[in-house]
Amino acid sequence: MCPSLPCWSCCCLLLLFALGVQGVPKDPSAAPEQVHLSYPGEPGSMTVTWTTWVPTHSEVQFGLQLSGPLPLRAQGSVSPFVDGGYLRRKLYIHRVTLKGLLPGVQYVYRCGSAQGWSRRFRFRALKNGPHWSPLLAVFGDMGADNPRALPRLRRDTQQGMYDAVLHVGDFAYNMDQDNARVGDEFMRLIEPVAASLPYMTCPGNHEERYNFSNYKARFSMPGNNEGLWYSWDLGPAHIISFSTEVYFYLHYGRHLVERQFHWLERDLQKANQNRAARPWIITMGHRPMYCSNADVDDCTWHESKVRKGLFGKLFGLEDLFYKYGVDLQLWAHEHSYERLWPIYNYQVFNGSREMPYTNPRGPVHIITGSAGCEERLTRFTLFPRPWSAVRVKEYGYTRLHVLNGTHVHIQQVSDDQDGKIVDDVWVVRPLLHRMMYL
């Protein structure tokens with residue numbers, strides 16, 4: 001008791017004492033948090049992004065030793081971000097790009113400024129060129145509440161299993177909620193994974209609020225389209241990330257549909273010219289063209305917007321992706337896992353009856369949106385569609401191994417079954433048959 005002081009004074013003194021005992025920094029708002037990596041598209045580089053609550057310098061110190069001094073330095077920039085909620089909370093987003101990294105070498109780094117530093121993290125620089133075998137974790141629809149896949153993803157990351165993460169839209173549920181505090185919580189949750197691996201993203205419908213402002217501010221993707229669409233090379237693959245959401249939120253600008261479509265066509269043209277070096281073209285977008293879930297989402301409609309375009313005829317993506325021979329299309333949105341037979345315009349184009357994914361004559365679609373969120377899992381229709389090969393209503397995520405220029409290995413990990421592999425398929429395309437269905 002403090003008989004000579006008002007009750008609130010006692011509480012303040014006790015709080016200050018507790019903070020001092022625990023060694024909290026003098027100005028904790030300057031301490032970096034929400035640290036994550038992304039690949040800016042330039043070989044030998046990696047971008048570090050983090051958040052503070054006051055403006056500070058942006059510096060990354062890095063080196064090769066786990067302990068001792070970090071001799072290398074890189075400077076970057078800081079940008080204020082004001083959330084659109086009624087509190088107008090202000091965050092400071094820092095970005096620093098490390099360059100001249102040695103391919104395949106492990107680096108140790110910390111980020112921040114003289115006002116506060118992060119703890120040390122480790123990452124391995126991506127290898128250069130097409131002649132290696134990247135392994136990726138792929139999933140969408142992971143929230144701050146019920147992120148069922150995250151503990152296993154953390155363990156996989158600690159074991160050095162992956163080279164990168166593809167998060168195919170829908171983060172936090174939602175990043176703007178509670179004046180963006182849910183976004184802060186989510187970014188802290190993924191830090192053990194995202195601070196060690198390039199965490200590559202595309203926008204989903206749950207990022208829509210305030211014109212996708214939290215998504216655009218918090219992530220640092222290649223290109224100059226605010227992370228809405230971009231592409232990058234990884235081993236034998238050319239990976240294209242795009243926004244399905246431009247088809248649904250037209251009040252942010254119908255011109256975005258046309259801009260993205262023409263960008264996609266130019267990028268696909270270049271990727272096809274580079275098939276000899278990087279034979280695989282892989283796309284990632286949030287809302288699927290097809291699905292057999294028991295709901296009324298766009299993918300359950302025969303003429304889905306993503307597939308056929310606006311008004312069923314403008315800027316549809318299925319014809320575009322088929323024309324340029326996209327090999328693998330990654331989707332999420334449905335909180336389940338579904339693998340389709342090779343398909344185009346509702347027709348199955350298997351390579352053969354015995355080996356449907358060897359020389360398939362159409363693209364392979366994977367829907368992987370069961371990483372876990374507050375909305376739980378999505379039911380399937382009672383009977384699968386003729387073009388649906390495998391359906392799994394369990395929490396989990398996908399492993400994508402681009403082994404070489406002819407073989408890709410896809411596995412679905414079930415968190416409900418303690419990491420059991422519940423789908424396992426190889427897609428095989430000998431180079432001579434690469435363009436056979438154009």
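Colleague: How many nonpolar, polar and charged residues are there in the lining of the largest pocket?
Modeller: This is a predicted model, in which local features need pLDDT of at least 70 and side-chain atom pairs count only at pLDDT 80 or more, while totals for chains, interfaces and linings use all residues. Residues are numbered from 1 along each chain as its sequence is written, and side-chain values use heavy atoms, with hydrogens and water left out. If Ala, Val, Leu, Ile, Met, Phe, Trp, Tyr, Cys and Pro count as nonpolar, Asp, Glu, Lys and Arg as charged, and the others, Gly among them, as polar, the lining of the largest pocket has 9 nonpolar, 7 polar and 7 charged residues.

Colleague: Which residues that line the largest pocket are the closest to its centre?
Modeller: On a 1 Å grid over the protein atoms alone, a pocket is an open set of points with protein on both sides within 12 Å along at least five of seven lines, a cavity is a set where a 1.4 Å probe fits but cannot get out, and lining residues have an atom within 4 Å of a point. Grid points are joined across faces, edges and corners, and a volume is the space filled by probe spheres set on them. The largest pocket holds about 550 Å³ of space. Of its 23 lining residues, the closest to the centre are Gln106, Arg122, Thr157, Gly160 and Ser196.

Colleague: Which element gives the most to the lining of the largest pocket?
Modeller: Helices (H or I, at least four residues) and strands (E, at least two) are DSSP runs, numbered from the N terminus. Those giving two or more residues to this lining are strand S9 (121-124) and helix H2. With 4 residues, the element that gives the most is S9.

Colleague: Which residues are the closest to the centre of the second largest pocket?
Modeller: The lining of the second largest pocket divides into 7 nonpolar, 6 polar and 3 charged residues. The volume of this pocket is about 170 Å³. Of the 16 residues in its lining, the closest to the centre are Tyr39, Pro43, Lys127, Asp233 and Arg278.

Colleague: Which helix gives the most to the lining of the largest cavity?
Modeller: Searching the whole structure gives 3 cavities of 30 Å³ or more, and the largest has a volume of about 70 Å³. Its lining includes Asn211, Phe212, Lys216 and Tyr249, and by class it has 6 nonpolar, 3 polar and 2 charged residues. The helix that gives the most, with 3 residues, is H4 (residues 209-218).

Colleague: Is H2 roughly parallel or roughly antiparallel to H3?
Modeller: Axes are lines fitted to C-alpha atoms, for helices over the stretch in contact, and angles run from 0 to 180 degrees between N-to-C directions; under 35 degrees counts as roughly parallel, over 145 as roughly antiparallel, 65 to 115 as roughly perpendicular and the rest as oblique. H2 (residues 150-158) and H3 (residues 177-194) pack at about 30°, with their axes 9 Å apart. Their arrangement is therefore roughly parallel.

Colleague: Which cysteine is joined to Cys291 by a disulfide?
Modeller: A disulfide is a pair of cysteine sulfur atoms within 2.5 Å, and the link of Cys291 and Cys299 is right-handed, with 75° about the S-S bond. At an S to S distance of 2.1 Å, the partner of Cys291 is Cys299.
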